[in-house]
Structures are given as structure tokens and as C-alpha cells.
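Here is a short report for a first look at this structure. Please keep the sequence and the 3D view open while reading.

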Amino acid sequence: MADPDRALLGDVERYYSKRVTEFGATAKGVDWNSPESQALRFEQIAKLWGDKPHTLSIIDYGCGYGALVDFLRSRGAPIQYQGFDISTAMIAQAASRAGPDCTFTTRADALTPADFVVASGIFNVKLAHELDAWAGHVRRTLASMKGLSKRGFAFNALTSYADEEKQRKDLYYADPGYWFDHCKRAHSPRVTLLHDYPLYEFTILVRF
């Protein structure tokens, strides 16, 4: 059976490899506007586990150059970290700067289940792909994340409530109500929607 995401992810991989080659291990290298907005997104995702005194195992699904590692270390969080990204250029950047206590791969089948699986920004850039095809990709990715998580997963997306005149055709603006409902029905009754921070996006936390 043909992989419905193969061509789609090939386009995305080329896009992000070009970004990190041009801008390096920076917020712009993963297509964020600033380090501050990147950190704010991580703060929302970290609400999935809160302040835990024990070691957490985390899969960063679409890890980019490994910026989440920096955020977690700045908080003194003890972690067992696996980073996954489809871009070999991103993984090369991440592995060169994160240290030996983290592992990185471009193969999803090389990941081992962890307490939590998180994804930041991986659903934003749809390029020229149709909305239905992209939504199908999001659903399949969330199912994969659930399969790897023992205690829960989290993701963010641009919001369909963003001002229409500011929306770009190559980006995916998701309906937060739809994805909240999808996660409640398909993944867990324990779902939190965060849409009260000052960015044109939302974060969903799913706990088991």
C-alpha cells in the first residue's frame, strides 16, 4: 500500500532542510519568528507534565535542531530525551549541540516509547498541499504519537481564528474545536485546549 504521507513529507523535509541550512540552529532555522515565541510555545507544552521531581522520558517529534533540550535544561528538568525529525540537516545540527545524554534519529521506527511525546510547529507548513490531505496527515501523526506515549502527548498548531487577511496560503490554520473533539473521541477523555497565550495558535494536551 502506498504511503499517503511520502510525497507530502518529502516536500516538508526539503523546506526545513533549506531553512536550517540558511539560518542555522536558530528560531528562524525552524521557521519561528523569534526565540521568545519559541520559548512561549515550549511553556505551553511543558504543562503536559508540570513540575515533576523524577526523571521524565520525552520524545520530541519533529525536534528540529533540538531547541526543546535547551528549554528543559534551563528548567533543571531531569530527562531522557529522544529527538526525531525527517530532516537530516536538522538532526545533524541537533546531534552536534545537544550532548551525549540525548539521542536523535530520522527514523520513526527507531523510537522507543516514552512517558510523553510532544510536537511543536510540525503541522504549520503545508506548502501547496490540499487541506484535506494535510488534515489526514495530522490525524495519522497524532495516532503515531499516541502509540509512542505512555502517559500523554501534546502538540500545537496555528489557529483558524487568526485574522483572515494575515493568513498565508502555504500555512495550515487549524480549527481548535475540531482537534479538541478529535482527540477526545480518538485518543483520551482527558484533553486540555490552551488558547489563551498571545500567539495566533493553540496547544492541545492529551493525558492518559
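Does His 182 count as buried or exposed? At 16% relative accessibility, His 182 counts as buried, because the cut-off for that class is under 20%. The model is a predicted one.

## His 182 and its surroundings

His 182 sits in helix 6. Leaving out residues up to four places away in sequence, His 182 touches Arg 139, Leu 142 and His 187.

## Helix 5 against helix 6

Helix 5 covers residues 131-148, and helix 6 covers residues 176-186. The two pack at an angle of about 40 degrees. Their axes are 12 Å apart. That angle makes helix 5 oblique to helix 6. The crossing of helix 5 and helix 6 is right-handed.

Which residues make the contact? Helix 5 brings Ala 135, Val 138, Arg 139, Leu 142 and Lys 146. Helix 6 brings Tyr 178, Trp 179, His 182, Cys 183 and Ala 186. By class, the contact of helix 5 with helix 6 has seven nonpolar, one polar and two charged residues.

## The nonpolar cores

In soluble globular proteins, nonpolar side chains tend to be buried together. Here the largest nonpolar core has 38 residues. Tyr 61, Leu 142, Phe 155, Trp 179 and Ile 204 have the most contacts inside it.

Take Tyr 61 as a case from the largest core. Neighbours within four places in sequence are set aside here. Tyr 61 is then in contact with Phe 84, Ala 108, Leu 111, Val 117, Val 118, Ala 119 and Ile 122, among others. Its contacts also include Thr 141, Ser 144, Met 145 and Leu 148.

## Helix 3 and helix 2

Helix 3 runs over residues 67-74. Its buried residues include Ala 67, Leu 68, Val 69, Phe 71 and Leu 72. What do the buried residues of helix 3 pack against? Among helices, they pack against helix 2 (35-46) and helix 4 (88-98). Among strands, they pack against strand 1, strand 2 (79-84), strand 3 (102-105) and strand 4. Helix 3 is followed by Gly 76, whose phi is positive, near 70 degrees.

The axes of helix 2 and helix 3 come within 11 Å and cross at roughly 70 degrees. The two helices are therefore roughly perpendicular to each other. Their crossing is right-handed. On the helix 2 side, the contact is made by Gln 38, Ala 39, Phe 42, Glu 43 and Ala 46. On the helix 3 side, Ala 67, Leu 68 and Phe 71 take part. By class, this contact has six nonpolar, one polar and one charged residues.

## Helix 1 against helix 4

Helix 1 and helix 4 pack at an angle of about 40 degrees, with their axes 7 Å apart. That makes helix 1 oblique to helix 4. Helix 1 contributes Glu 13, Tyr 16, Ser 17, Val 20 and Thr 21 to the contact. Helix 4 contributes Thr 88, Ala 89, Met 90 and Gln 93. The residues of this contact divide into four nonpolar, four polar and one charged.

Gly 10 belongs to helix 1. Gly 10 is buried, with a relative accessible area of 18%. Asp 101 is 91 residues from Gly 10 along the chain, and their C-alpha atoms are separated by 29 Å. Arg 41 belongs to helix 2. At 6% relative accessibility, Arg 41 counts as buried. Leu 199 is 158 residues from Arg 41 along the chain, yet their C-alpha atoms are separated by 8.7 Å.

Where is Leu 127 found? Leu 127 lies in the loop between strand 4 and helix 5. Leu 127 has a positive phi of about 60 degrees, although it is not a glycine.

Key
Residues are numbered from 1 along each chain as its sequence is written. This is a predicted model: local features need pLDDT of at least 70, side-chain atom pairs count only at pLDDT 80 or more; totals for chains, interfaces and linings use all residues. Side-chain values use heavy atoms; hydrogens and water are left out. Axes are lines fitted to C-alpha atoms, for helices over the stretch in contact, and angles run from 0 to 180 degrees between N-to-C directions. Helices (H or I, at least four residues) and strands (E, at least two) are DSSP runs, numbered from the N terminus. Angles under 35 degrees count as roughly parallel, over 145 as roughly antiparallel, 65 to 115 as roughly perpendicular and the rest as oblique. A crossing is left-handed if the near helix is turned anticlockwise from the far one by less than a right angle, and right-handed if clockwise. Contact means heavy atoms within 4.5 Å. Ala, Val, Leu, Ile, Met, Phe, Trp, Tyr, Cys and Pro count as nonpolar, Asp, Glu, Lys and Arg as charged, and the others, Gly among them, as polar. A nonpolar core is a set of buried Ala, Val, Leu, Ile, Met, Phe, Trp, Tyr and Cys residues joined through side-chain atoms within 4.5 Å. Buried means under 20% relative accessible area, exposed over 50%, partly exposed in between (1.4 Å probe, protein chains only).
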